[in-house]
Amino acid sequence: MVLVAGIGLGRWWAGETPAPSPTNSATAPAEGEREVLYWYDPMVPDQHFDQPGKSPFMDMQLVPKYADEATGTGILIAPGVRQNLGIRTVEVERGRLPGAISVPGTIGWDLRLEEVMSARVDAIIERVFVKAPYERVQAGQPLAGILAPAWSTALAEAQALRNADSAAAQALQSAAQERLRVLGLPASVRSNDGRIVLSAPVDGVVSEIAAREGATAAAGTLLFRVNGTDTVWLEAAIPQAGVGAIAPGTPVEARVSTLPGKVFEGRVETLLPQIEAGSRTQQARIVLENPEGLLTPGMFAQVTLDPEGGEAHVLVPADAVIGGGTQTRVIVMTREGRFQPVAVQTGRSGGGMTEILSGLEGGERVVASGQFLIDSEASLSGALDRLNADAPEGQPTGTMPGMDGASTAEPQGKREVLYWYDPMRPEEHFDKPGKSPFMDMQLVPKYADEAPEETGEGTEPTP
C-alpha cells in the first residue's frame, strides 16, 4: 500500500510541475531540417551539385546552400565594416546631363559673302588699283580699269538712247538695258571715256588677285575675289556620340588664343552629311559674328556648344556602374541596410554622371565606392543567379561571359552522369562518386554529352 501510494504521489507531482522552457538550441531548426537548394565548392561557387560529397576540383567537402540564405534580401554589412571598407552611398535623382560640348575648330571665309569678279567679255587690263592680296577694301572702291569694246559700245548706246527725245528712241531703251544684262555688265561698273572701271561690290578683303596690267583677259577669266568679313565660318569636329544633341540654330561660343578674354558668339548653321571615318566625327558649320573683322581664316578656335537639354533621366555617378552591355548593374542599398545588385540599362555619360534608362526610378541609394567588393560577395551568395534569370538560353546564370571555361560550362548538377572512373584506371567504371580504390583521389564523372557513340564494347560497371 505504501508503494502504491508513493507511485500515485509521484504521478500527481509530475502532472502539477510545469515542463522546463525550451532552450534556444531547441527552438533553432536542426541543420537537417533546413531546405538545401544545392551544394557547391567555395572555390568554384558557380558550379552547383545535387548531392553532398567531395569537390571534384579541390580536396574539400562541398558546402550546402540553404533556402533561407538565398533570399533576395541582399547582403548585410555591419556599419563598422562598411566604414572600414570605404563603402559610400549616394541618392540618385532625375535630371539632365550637362549638355555643353567643347571641341576644336578652324575658322574660314563665309562663302555666302564671297564675290567673284571676272571678265564677262574679252578685255585688256589697262590698270590695277589693288595689287596686294588680302588688302581690305570698301564697297565701291576701284579695283582695276579695263578696255572692253563690247561693254563700251553697249554702254554708249544705252546712254544715247536714254538722252534721246524721240518716241522711237525711247522705245529702244529697254532693249539697250537688256543687252547690257546679257553681256554681264556688273552694277558697280563705271565708264569713263570708253574705259571700264571695276569696283569692289562689298566691304571685305581681296583674297585673290589674278589681274595684271597690260594683260589680255578672255571672257570668263577670274580677275578678283572679294570676301566679306561681317561673319565667318567655323568648321568644328563633333564626336559622333554628341551629334544627336546638335541641331541647326544651337548657340555657340568661340575663343581664340590670340584674343584672350574675347568671346565670339554664333550659331550652328548645319551639320555636314559626312562622318570622318578615322576620327568618328561629323563636321558642323558654325556661323560666327565678326563685325570688327578680328577673326581671319586659318585661326584655331576652341568651340563650346550648348545644346538644349533632352529628356530627364535617373542619373548615377559613373563609378557606380559595374560591367557593360547586357550585364550592366549597380549596387542598391535597401531601407533595411542591405545591399543587392540591380540590373540597369545605361544611356549617355558626361560630367562624371551616367543616364539610367531603366532599372531605377529615382530616390534609391546606390553604392558609389566599394561596390566591387559587394558585387563579388553577391556573386558568391547567388544574387547574380537571380539577377540573370532571364539570360539567353545556353548562357549560364551568375557568370559573366568571356571568363574562364567554367563560365560556359553547364552546371554539373544538371548534366546526366553515365558513370564515375579513376583517371589512372579509366577502364574501371563505378556507379557512385567517392574515393578511388586504386589511387588516393576522387572519382571523376563521365557525362552523357561527353560519351562517344555506343559500340557494344566496354567493361560492366563495378558495383
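Reply: A salt bridge is counted when a side-chain nitrogen of Lys or Arg lies within 4 Å of a carboxyl oxygen of Asp or Glu. By this rule there are 9 salt bridges. The model is predicted, so local features need pLDDT of at least 70 and side-chain atom pairs pLDDT 80 or more, while totals for chains, interfaces and linings use all residues. Residues are numbered from 1 along each chain as its sequence is written, and side-chain values use heavy atoms, without hydrogens and water.

Take the network. Salt bridges link Arg112, Glu235, Glu269 and Arg285 into one. Arg112 pairs with Glu269, with the closest N and O atoms 2.8 Å apart. This pair links distant parts of the chain, 157 residues apart: Arg112 is in the loop between strand E7 (101-109) and strand E8 (114-118), and Glu269 is in strand E19. Strands (E, at least two residues) and helices (H or I, at least four) are DSSP runs, numbered from the N terminus. Glu235 bridges to Arg285, where the closest N and O atoms are 3.8 Å apart. Here too distant parts of the chain are linked, with Glu235 in strand E17 and Arg285 in strand E20, 50 residues apart.

How exposed or buried are these residues? The cut-offs are under 20% relative accessible area for buried, over 50% for exposed and in between for partly exposed, using a 1.4 Å probe and protein chains only. Arg112 is exposed because its relative accessible area is 58%. Glu235 is partly exposed at 26%. Arg285 counts as buried because its relative accessibility is 19%.

Another bridge joins the side chains of Arg255 and Glu253, at 3.5 Å from N to O. Both ends are partly exposed: Arg255 at 38%, Glu253 at 32%.

Now the loops. Arg280 lies in the loop between strand E19 (264-276) and strand E20 (281-289). Its phi is near 55 degrees, positive in a residue other than glycine. Most residues other than glycine have a negative phi. Arg280 counts as partly exposed, since its relative accessibility is 48%. Tyr134, in the loop between strand E9 (123-128) and strand E10 (135-137), also has a positive phi, near 65 degrees. At 57% relative accessibility, Tyr134 is exposed. Ala245 sits in the loop between strand E17 (231-239) and strand E18 (251-256). Its C-alpha is 9.6 Å from that of Ile101, 144 residues away along the chain.

Next, the hairpin. Two strands pair if DSSP finds at least two bridges between them. Strand E25 (residues 345-350) and E26 pair antiparallel over 4 bridges. Gly350 has Met353 of E26 as its bridge partner. The hairpin has 2 residues between the strands, and Gly351 takes a positive phi near 65 degrees. E26 (residues 353-358) is also joined by 4 bridges to strand E22 (residues 313-317), again antiparallel. Val316 stands opposite Thr354 in E26.

Last, the surface. Asp203, Asp230, Glu265 and Glu289 form a negative patch. Patch residues have over 30% relative accessible area and no salt bridge, and like charges are joined within 9 Å. Asp203 is in the loop between strand E13 (195-199) and strand E14 (204-209). Asp203 is partly exposed because its relative accessible area is 42%.

Conventions: Patches are made of residues with over 30% relative accessible area and no salt bridge: like charges are joined within 9 Å, nonpolar side chains (Val, Leu, Ile, Met, Phe, Trp, Tyr) within 5 Å. Accessible areas come from the Shrake-Rupley method with a 1.4 Å probe; for residues, only the protein chains shown count as cover. Lys and Arg count as positive and Asp and Glu as negative; His and the chain ends are not counted. The place of a charge is taken as NZ of Lys, CZ of Arg, CG of Asp or CD of Glu.
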